[in-house]
Each structure stands twice: as structure tokens, then as C-alpha cells.
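Colleague: Can you walk me through this model? I'd like to start with the pocket and then move on to the packing.

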Amino acid sequence: MIKNILFDLDDTILDFKRAEAAALSKTLIKFGVEPTQYIISQYSKYNISQWKRLELGEITREQVKVNRYRLLFDELGLDLSPEDVTADYEENLCCEHYFIDGALEAIQALYKDYDLYIVSNGAKRVQDGRLNGAGILKYFKGVFISEVVGYEKPSSQFFEYCFSQISDFKREETIIIGDSLSSDIKGGINAKIKTVWFNPHRIKNTTALKPDYEINSLSQIKEILKRTQ
């Protein structure tokens with residue numbers, strides 16, 4: 001029977017893409033750049049690629065922050081400081097929080113019967129700001145952010161740290177829910193716990209990673225939990 005539910009934060013509970021676009025638009029305007037849809041989508045592409053490199057241990061967190069803007073500015077021919085833009089962007093991102101459809105309802109339905117935890121790759125200041133703004137910390141027993149833990153998902157070290165902080169922890173009583181195959185699902189597999197892939201856009205899984213369960217709506221979580229009993 002499941003007791004502990006580990007929730008990814010970005011694009012599982014909070015809509016990161018929407019927050020990213022809003023924060024980036026404010027930042028670009030401040031630096032004199034029109035935030036066109038093309039620029040926002042290109043930034044998102046570069047951002048994702050650099051976070052993937054971080055997951056693989058190829059670069060550091062600080063390099064992620066600089067590289068994504070350097071790549072964008074090189075493409076656009078802009079003479080802007082990646083460090084200055086990053087600082088302003090993160091300040092804006094702290095204030096942006098939008099729920100994924102059904103996320104708040106799912107959390108509210110689960111927290112009385114299960115111990116909920118956040119497991120996130122992200123910057124502590126940004127994630128703390130978004131979680132506080134969203135008003136959902138009261139539903140969670142703990143929040144584990146990679147910048148604080150010292151390891152990134154999907155490393156087993158990240159999860160072993162989380163497990164060490166959960167009282168009476170048992171792997172067979174724990175499940176992770178997240179939208180990323182390479183971070184959440186691979187991490188859960190590495191940690192030897194059950195995995196639920198949140199796939200609202202019904203993306204075809206072409207990887208070798210096989211989640212235990214797949215859902216398209218967060219309202220399906222309760223049914224999954226019944227199947228694990």
C-alpha cells in the first residue's frame with residue numbers, strides 16, 4: 001500500500017511553461033527586446049537542452065543559467081549580459097505560479113490520506129517563491145530541491161537523501177509522479193520505487209524507460225493508487 005507520494009513540481013503541479021513565458025517576457029521588455037513567440041520558444045528550447053545536460057552531469061547549474069541565454073543571444077545577435085538577464089529573469093520567475101489543470105484539486109484530495117512531498121530540480125529561491133505564492137506548502141510533508149540536496153534528479157543520490165528525511169520510509173510504500181521520463185521516471189527507476197508518468201499531451205514514449213503507470217489527467221491518480229494496494 002502506498003503511503004508516500006513524491007510529486008515533481010514543474011509541469012506536474014505548477015505550469016512552468018506558462019510561468020517561464022510570463023517571466024521571460026517581463027525581462028526581455030526591461031532589456032529592450034520585444035518578447036515575440038519565436039524568441040520565447042527558442043529560449044525554452046535552449047533552456048530544456050541545458051537542463052538535460054545538467055541531468056547527465058555534463059555541466060553545472062550556473063552553466064545552465066548562462067548557457068541558455070548565451071545561445072539565445074548569439075542566435076539573435078544581441079549584445080546582452082547572460083548573467084544580468086538571468087538575475088532579472090529569476091526575480092520575475094519567483095512571482096509566477098499557475099496550476100496545471102486539476103493539480104490543486106488532486107493535492108487537496110490526497111494530502112489527508114497520504115504523505116505528500118515535492119521533489120524538484122530547480123533553484124531554491126525560485127521554487128520557494130513559487131510554492132509560497134501558490135499557497136500549497138501546507139499540503140506537503142517536505143520539499144526537496146536539488147540545489148539544496150546537492151544532487152539532481154534522476155541520480156539515486158538525490159532520492160537517497162530524500163528517503164533519509166522521511167520517517168519510517170519504505171520503498172514499497174512510495175511512488176513518484178512526474179512529467180519527465182528522463183528526470184522523474186528514470187529517477188524513480190534508479191531509486192527502485194513505483195513510477196507514474198504524467199503525460200497530458202499523450203506524447204509517445206520512444207525511450208527505453210518504462211513507467212509503472214501512465215496518466216493523462218491528475219484526476220486519475222486515485223485510481224492508480226487503488227491499483228497499488
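Modeller: The largest pocket is lined by 44 residues, and Asp-10, Asp-11, Lys-17, Asp-179 and Ser-180 lie nearest its centre. A pocket here is an open set of points on a 1 Å grid over the protein atoms alone, where a 1.4 Å probe fits, with protein on both sides within 12 Å along at least five of seven lines; lining residues have an atom within 4 Å of a point. This is a predicted model, in which local features need pLDDT of at least 70 and side-chain atom pairs count only at pLDDT 80 or more, while totals for chains, interfaces and linings use all residues. Residues are numbered from 1 along each chain as its sequence is written, and side-chain values use heavy atoms, with hydrogens and water left out.

Colleague: What volume does the largest pocket have?

Modeller: About 1000 Å³, where volume is the space filled by probe spheres set on the points, with grid points joined across faces, edges and corners.

Colleague: Which elements give two or more residues to the lining?

Modeller: They are α1 (16-30), α2 (37-55), α3 (61-76), α4 (82-93), α6, α9 (181-191) and β5. The largest share, 6 residues, comes from α2. Helices (H or I, at least four residues) and strands (E, at least two) are DSSP runs, numbered from the N terminus.

Colleague: And how do the lining residues divide by type?

Modeller: Into 13 nonpolar, 14 polar and 17 charged. Ala, Val, Leu, Ile, Met, Phe, Trp, Tyr, Cys and Pro count as nonpolar, Asp, Glu, Lys and Arg as charged, and the others, Gly among them, as polar.

Colleague: Switching to the packing. Which residues touch the most other members of the largest nonpolar core?

Modeller: Ile-5, Phe-7, Ile-13, Phe-140 and Ile-221, out of 29 residues in that core. At least two residues each come from β1 (4-7), α5 (103-110), β2 (115-120), α6 (124-134), β4 (174-178), β5 (194-198), β6 (213-215) and α10 (221-227). The largest share of this core, 4 residues, is from α5. A nonpolar core is a set of buried Ala, Val, Leu, Ile, Met, Phe, Trp, Tyr and Cys residues joined through side-chain atoms within 4.5 Å. Buried means under 20% relative accessible area, exposed over 50%, and partly exposed in between (1.4 Å probe, protein chains only).

Colleague: What is Phe-140 in contact with?

Modeller: Leaving aside neighbours within four places in sequence, Phe-140 contacts Phe-7, Ile-13, Ile-107, Leu-116, Tyr-117 and Ile-118. Contact means heavy atoms within 4.5 Å. There is also a second, separate core of 19 residues, with Tyr-43, Tyr-46, Leu-72 and Tyr-89 among them.

Colleague: Back to α6. Which of its residues are buried?

Modeller: Val-126, Gln-127, Arg-130, Leu-131 and Ala-134. They are on the same side of α6 because they cover an arc of only 120° around the axis, taking the directions from the helix axis to the C-beta atoms. The buried residues of α6 pack against α1, α4, β2 and β3 (142-145). After α6 comes Gly-135, with a positive phi near 70°.

Colleague: Is Ser-146 buried or exposed?

Modeller: Buried, at 1% relative accessibility. Ser-146 lies in helix α7 (residues 146-149). Beyond its neighbours within four places in sequence, its contacts are Arg-61, Ser-120, Asn-121, Gly-122, Tyr-151, Glu-152 and Phe-158.

Colleague: Which residues does the cis peptide bond join?

Modeller: Lys-153 and Pro-154, with omega about 15°. Pro-154 is in the loop between α7 and α8 (156-164).

Colleague: What about positive phi at Asp-168 and Arg-202?

Modeller: Asp-168 has a phi of about 55° although it is not a glycine. Asp-168 is in the loop between α8 and β4 and is exposed at 62% relative accessibility. Arg-202, also not a glycine, has a positive phi of about 55°. Arg-202 sits in the loop between β5 and β6 and is exposed at 61%.
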